[in-house]
Amino acid sequence: MLSNTNRDRLRVWLNLLLAPAMTITTILCFYAKPNFRGSPLGQEASEHVVTPAGYGFSIWSLIYLGVVTYALVQALPSRRTDPLFRGIGWWTASAFLSVSVWLVLARFNLVWATVACILWMLASLAPVLWQVSRARVNASDWLFVVMPLSVFAGWVTVATFANTAAGLKVSGWENVAISEAAWAAVFVLLATIIGVAVILRTNGNIPFAATLVWAFVAIAVRNRGTHPDVALAALAMTAVIVGVAIYTRIPGRQPAVTPAM
């Protein structure tokens, strides 16, 4: 068995390598297949009703920058044995790896394989959110650890349903039982239920909530002219997320994720 020192070293290096690998894999996949049209799954995904407008995907730039910064912070000699990083480091490495694997699968249009992969991504980020929400962090850790990982988790929460919707579409199942637009509304509702549960369990993770709002507004923008009912549903769920986030900040309620100045 590996000693604690060797385990810490392995965890640190996995994060240092896998965080920038997300960006490198993205560049390679986009150059190898330039017709992704804003979404690595290609035309099929970007044309689905529940997929956010193209500008929404720009949040990946923030995520990529954030996870690299996180990787650098956890590699600092003074932080390598930090209980916070020992608790989340293996999970973050798994999440970073899953992004690169997802991109490779998407490159070959293995849509249902990407659905399984994004579930892996979500399963890796769930314990990260749980642990950072209970950790007592300073302002620096909130900025470089809690915020980027929360944004990452928030986007993946919505992307999981968009990815599943893409799988239904390319398989010809998007109109089974109900219309494609109705499926989109259902998926937005399910993402909202998960989002509300996370926000309440973390006593108001604002970066996570703000990312959900970003994604839902982008869905509304995409559908405002073609599927106004879906746009309205997305905006309604945006209001729900905002309302729950505000509720967690009512005086007397102590947020779990609080920068310690």
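Predicted model: local features only at pLDDT ≥ 70, side-chain atom pairs only at ≥ 80, totals over all residues.
α6 passes α7 with right-handed geometry. I noted α6 as residues 139-170 and α7 as residues 180-201. Their axes lie 9 Å apart, at an angle of about 155°. Angles over 145 degrees count as roughly antiparallel, so that is how I logged α6 and α7.

I then listed the residues in this contact. From α6 come Thr157, Phe161, Thr164, Ala165, Leu168 and Lys169. From α7 come Glu180, Phe187, Leu190, Ala191 and Ile194.

Next I checked α6 against α3, residues 59-74. This pair crosses in the left-handed sense. The packing angle is about 135°, and the axes are 9 Å apart.

Last, I turned to α4, residues 83-107. I recorded 25 residues and a reach of 37 Å from first C-alpha to last. That is close to the 36 Å expected at 1.5 Å a residue. Where does α4 bend? I placed the bend at Gly89, at about 40°.

Asp82 caps the N-terminal end, with a side-chain oxygen 2.8 Å from the backbone nitrogen of Leu84. Just after α4, I found Asn109 with a positive phi of about 55°.

Notes
Residues numbered from 1 in each chain as written. Heavy atoms only, no water. Helix = DSSP H or I, 4+ residues; strand = E, 2+ residues; numbered from the N terminus. Expected span 1.5 Å × (residues − 1). Bend = angle between axes of the 7 residues up to and from the residue. Polar contact = N/O pair within 3.5 Å; in protein donor to acceptor, adjacent residues only side chain to side chain. Axes fitted to C-alpha atoms, helices over the stretch in contact; angles between N-to-C directions. Parallel < 35°, antiparallel > 145°, perpendicular 65-115°, else oblique. Left-handed = near helix turned anticlockwise from the far one by under 90°. Contact = heavy atoms within 4.5 Å.
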